[in-house]
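Good morning, and thank you for making time for this presentation. I would ask you to look at the sequence and the structure as I go through them.

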Amino acid sequence: SMRACFRRPTRRHWHEPRAQPIFQEVPVTRLRILAIGGTLAVATAFIGGRLRHPSGSGAKWAPPTPGAGGRRPVSELHASSRAVDLIKRSEGLVLRPYSDAGGCSIGYGHRIKDGTCLTAPLGLQNGISQEEALDLFRQDVATVEAGIRRHVKVPLTQGEFDAIVDWGFQFNANRLAGTTLLRHLNAGRYEDAGEELPKWVHAEGRVSPGIVARREAALAIWRS
């Protein structure tokens, strides 16, 4: 009959689309997996019902959705795995004191002191373990995040926050004050602020190819 021709398919052959959850908990491994469009984006350890912040501070932290585009208050943002990976890759890991631009550092670019390493603290002269380097790194990231929150008065995307964390780790987040980058940002001129990142590519007065590549990677994260 005509009615039969237009009969709605049975449940066996027809399914209403269902919204897919952003987070999918796997009880056995206690991993929380962030999937976007079927592509694995972030996997973060889920411990005791709370996500562990990369800085190790224990603050409640949810891995961001890359490319989501939504802006949130900086008080709600923490460095994602993209920022952490970029910083570690750029800084490298050195377990003994070493001289860099203007100072003495150790681990993942942790500044021990200004000046040479000849007078490095006795406790660090023999080097540190990889775990100790990671602890210093977490503390440094948390310090950068706190500096960003003091200076940035507008909401940011996760990508924008990550790019500034990388900038602040290299140059000190307190140097944001008075920069054109910060003026554009706090005025809501996000695109203009992002264009300032590639200008910070000098080391000891010269353009550094390594820093150029780092800023390019950070700008790609900013725009994501």
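**Salt bridges and their surroundings**

Arg214 is buried, with a relative accessible area of 7%; buried means under 20% relative accessible area, exposed means over 50%, and partly exposed lies in between, with a 1.4 Å probe and protein chains only. Before I continue, please note that this is a predicted model, in which local features need pLDDT of at least 70 and side-chain atom pairs count only at pLDDT 80 or more, while totals for chains, interfaces and linings use all residues. Residues are numbered from 1 along each chain as its sequence is written, and side-chain values use heavy atoms, with hydrogens and water left out.

Which residue does the side chain of Arg214 meet in a salt bridge? The partner is Asp166, at 2.9 Å from N to O. A salt bridge here is a side-chain nitrogen of Lys or Arg within 4 Å of a carboxyl oxygen of Asp or Glu. This pair links distant parts of the chain, with Asp166 in helix α5 and Arg214 in helix α8, 48 residues apart. Helices (H or I, at least four residues) and strands (E, at least two) are DSSP runs, numbered from the N terminus. Asp166 is also buried, with a relative accessible area of 0%. Both residues belong to a network of salt bridges that links Glu91, Asp166, Arg214 and Arg215.

Across the whole structure, a search finds 13 salt bridges. Another of them joins the side chains of Glu191 and Arg223, at 3.5 Å from N to O. Glu191 lies in helix α7 (residues 190–196) and Arg223 in the segment after α8, so this pair ties together parts that are 32 residues apart in sequence. Glu191 is partly exposed at 48% relative accessible area, and Arg223 is partly exposed at 47%.

I turn now to helix α2. In this helix, which spans residues 81–91, Ala83, Val84, Leu86 and Ile87 are buried. Seen down the axis of α2, the buried residues fall within an arc of 165°, so they line one face of the helix; the arc is that of the directions from the helix axis to the C-beta atoms. An α-helix has 3.6 residues a turn, so residues three or four places apart point the same way. What do the buried residues of α2 pack against? They pack against α4 (130–151), α5 (158–171) and α8 (209–222), where contact means heavy atoms within 4.5 Å. Just after α2, Gly92 takes a positive phi of about 75°.

Next comes the sheet. Its 3 strands form an open sheet in the order β5-β6-β7, with antiparallel pairing; two strands pair if DSSP finds at least two bridges between them. β5 (94–100) and β7 stand at the edges, each with a single partner strand, so one side of each is left without a neighbour in the sheet. β6 and β7 pair over 4 bridges, and Gly103 stands opposite Asp114 in β7. Asp114 is exposed, at 58% relative accessible area, and its side chain meets that of Arg111 in a salt bridge (3.2 Å, N to O).

Finally, the structure holds 1 disulfide, defined as a pair of cysteine sulfur atoms within 2.5 Å. Cys104 and Cys117 form this disulfide, with their sulfur atoms 2.1 Å apart. Cys104 is in strand β6 (residues 103–107) and Cys117 in the loop between β7 (110–114) and α3 (122–125), 13 residues apart. The torsion about the S-S bond is about 110°, so the disulfide is right-handed. Cys104 counts as buried at 0% relative accessibility, and Cys117 counts as buried at 18%.
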